[in-house]
Amino acid sequence: MAVDEKTVRRIAHLARIKLDDADVEPMMKELNGILNWVEQLSEVNTDGVEPMTSVVAQKMRWREDVVSDGNIQEDVLKNAPEAQFGFYAVPKVIE
Amino acid sequence: MATELTDLTVAQMRDGLKAKSFSAVELTQAHISAVEAARELNAFIVETPELALEQAKAADAAIAAGNAGPLAGIPLGIKDLFATKGVQTTAASKILEGFVPTYESTVSGNLLRDGAVTLGKLNLDQFAMGSSNETSAFGNVLNPYRGPNGEHLVPGGSSGGSSSAVAARIVAAATGTDTGGSIRQPAAFTGISGIKPTYGRCSRWGVVAFASSLDQAGPMARTIEDCAILLKSMCGFDPKDSTSLDLPVPDFEKALTGDVRGLKIGIPKEYRVDGMPAEIEKLWQQGMDWLKAAGAEIVEISLPHTKYALPTYYIVAPAEASSNLARYDGVRYGQRVAPENASLIDMYEATRAAGFGHEVKRRIMIGTYVLSAGYYDAYYVKAQRLRTLIAQDFEKAYQQCDVILTPTAPSAAFAFGSKSDDPLAMYLNDVFTVPASLAGLPALSVPAGVDADGLPLGLHLIGRKLDEETVLKVGHVIEQAAQFSAKPEKWWVK
């Protein structure tokens, strides 16, 4: 399943990483190198093997449905690159 | 006096403080001076000497009052993957530069609760992705050991600042994190010990996430006893981590009885990889001989899916990383790059392009691809099935043995740049450590010898789930037998 330049651009967009045109081909080669290498997994028959979902089997815990934290607006916004009026500020989304 | 204090083990520091042979302030000051003198190693991203002295004063007061915690006054370094309240936390990335958490990670908080002193934040591979500490946005960390011609060597990774600082005797011990070998391989490269406990023993809360089903914190120190002391403080149930194990924490120090008579030591035949250096092979045999002499029994075992562990890991870990690192969007914290008149998506893409290093981008891209529509079953689900088979291999093996002995890494520390152009060559560093990570098992590295150039080599022990005690006990016996005495020359002290 070789990856072409178009796929690399699509993946970069899905991952929200801007790739310069000059970086597309090297990235394509690196991804293909790794993908060709992991291809060896297909030689193992895994029919009927359950995919692992947790390394140490345990039951998910329940907790009381109560508010146990909060009222820390200042802390939450403290590291925001841009905050206004108690909110995160982002470029205009709706015209 | 100063150099002597920094040479002590954590256990000796604890005893000396208790006996009032020296104060926590004196001990901390000695380490602060050592850290300043060793800046050439680039082990620290942030030094916090004032905070450390404040903590040391509090430790002295607690010792005087008779209510000191088990780590009172012990000066530690914290890998810069743990969120530390009021102290910059970057995961060695540009995208988190300037991020100052308003909270403390559970593990570092546990150490502070027990009275530890923190000297600062230690460098690492960016987002813990790397095996040589060459991917940090804050520069390479140097191994205190140098090559035969005086050339600089990598300290291993991703916990390379931790391994370098502990080996250089500028911190008493350090925290590390291990996703595929990031505690054990750097420990082996620098002649120190490190243990990754069973997945779930240490809370992941407040640790910058890389691959959540694999990430596990653990201690790095100069002796197995010191690892046992620190591990006890670091472990414990935390309701804030949904995979934290609600189990009592054993007194790991008590496990170091020196008695391994009758224990069965498994030697997996699949770990005899092609091209393993003769010195590593010899050290492995030496490890078997030591344990046999101590009364343990050596049994050959088989872990048939071993060769598939690395490719499995390089699907699972990037997949989880691509999800975890989606949070760095330039909105809530960290750096933002917003070109003029940019849309929100332009801002995301520019921010992430500028903020992530190349290895991080490559892994996010791989992860995004293997999780994308049409490929999810072929790659990700396939890898999770392989992971089940790898875990079953271990379960079967533990019907025949109590603990598994292997080398930690396929080579000693290597030179900068020697593997950085070839991701696959770099990934091979973790060939012996990754299987235990995929199965969530406790595993440690103990320094056991040196190669022809005098560079440290480690042996690796993998235990049953939740059986850190046997792993530590056997590691301690190897440590006693090996009498590892190599110490880096302090060439950085001018």
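This is a short walk through a predicted model with two chains, one selection at a time.

Before you click, note that residues count from 1 along each chain as its sequence is written, while chains get letters from A and ligands get numbers from 1 in the order in which they are written. Since the model is predicted, local features need pLDDT of at least 70 and side-chain atom pairs count only at pLDDT 80 or more, whereas totals for chains, interfaces and linings use all residues.

**Stop 1: chain B as a whole**

Select chain B and colour it by secondary structure. You'll find 16 helices and 11 strands. Helices here are DSSP runs of H or I with at least four residues, strands are runs of E with at least two, and both are numbered from the N terminus. The C-alpha atoms fill a box of roughly 65 × 55 × 50 Å along the principal axes.

How does the radius of gyration of chain B agree with that of a compact globule? For 494 residues such a globule would come out near 23 Å, and chain B has 21 Å, which agrees. (The radius is taken over C-alpha atoms, and the globule rule is 2.2 Å times the number of residues to the power 0.38.)

Of the 494 residues in chain B, 60% are buried. Buried means 20 or more other C-beta atoms within 10 Å of a residue's own; 12 or fewer is exposed, in between is partly exposed, and the C-beta atoms are placed from the backbone.

**Stop 2: the nonpolar core**

Now select B:L76 and B:A173. These two have the most contacts inside the largest nonpolar core, which has 167 residues. Helix α10 of chain B (residues 309-324) gives the most to this core, with nine residues. A nonpolar core is a set of buried Ala, Val, Leu, Ile, Met, Phe, Trp, Tyr and Cys residues joined through C-beta atoms within 7 Å.

Stay on B:A173 and show its surroundings. Leaving out residues up to four places away in sequence, B:A173 touches several residues, including B:V10, B:L76, B:V166 and B:L230. Touching, or contact, means that two C-beta atoms, placed from the backbone, lie within 7 Å.

**Stop 3: two crossing helices**

Next, show α10(B) together with helix α13 of chain B (residues 376-397). Their axes come within 9 Å and cross at roughly 130 degrees. That angle makes α10(B) oblique to α13(B). Among the residues making the contact are B:A309 and B:I315 of α10(B), and B:Y379 and B:A383 of α13(B).

Axes are lines fitted to C-alpha atoms, for helices over the stretch in contact, with angles from 0 to 180 degrees between N-to-C directions. Under 35 degrees counts as roughly parallel, over 145 as roughly antiparallel, 65 to 115 as roughly perpendicular, and the rest as oblique.

**Stop 4: a proline in a strand**

Jump to B:P447, in strand β10 (residues 443-450) of chain B. Is B:P447 buried or exposed? B:P447 is buried, because 28 other C-beta atoms lie within 10 Å. Among the residues B:P447 touches are B:I192, B:P456 and B:F484.

**Stop 5**

Zoom in on B:S158, in the loop between β3 (117-122) and α6 (160-167) of chain B. The peptide bond from B:G157 to B:S158 is cis, with omega near 10 degrees.

Then pick B:R169, in the loop between α6 and β4 (173-178) of chain B. Its phi is near 60 degrees, a positive value in a residue other than glycine. B:R169 is buried, with 21 other C-beta atoms within 10 Å.

B:L466 also has a positive phi, near 65 degrees. You'll find B:L466 in the loop between β11 (456-463) and α16 (468-482) of chain B. With 18 C-beta neighbours inside 10 Å, B:L466 counts as partly exposed.

**Stop 6: chain A**

Switch to chain A, which has three helices and two strands. From the N terminus on they run α-α-α-β-β. The radius of gyration of chain A is 23 Å, well over the 12 Å that the globule rule gives for 95 residues, so chain A is more spread out than a compact globule. Buried residues make up 16% of those 95 residues.

**Last stop: where the chains meet**

Show both chains. The contact takes 36 residues from chain A and 55 residues from chain B. On the chain A side, α2(A) gives the largest share, seven residues.

Finish with α1(A) and helix α12 (residues 358-371) of chain B, which pack at about 100 degrees with their axes 9 Å apart. That makes α1(A) roughly perpendicular to α12(B). Here A:I11, A:A12 and A:L14 meet B:M365, B:T368 and B:Y369.
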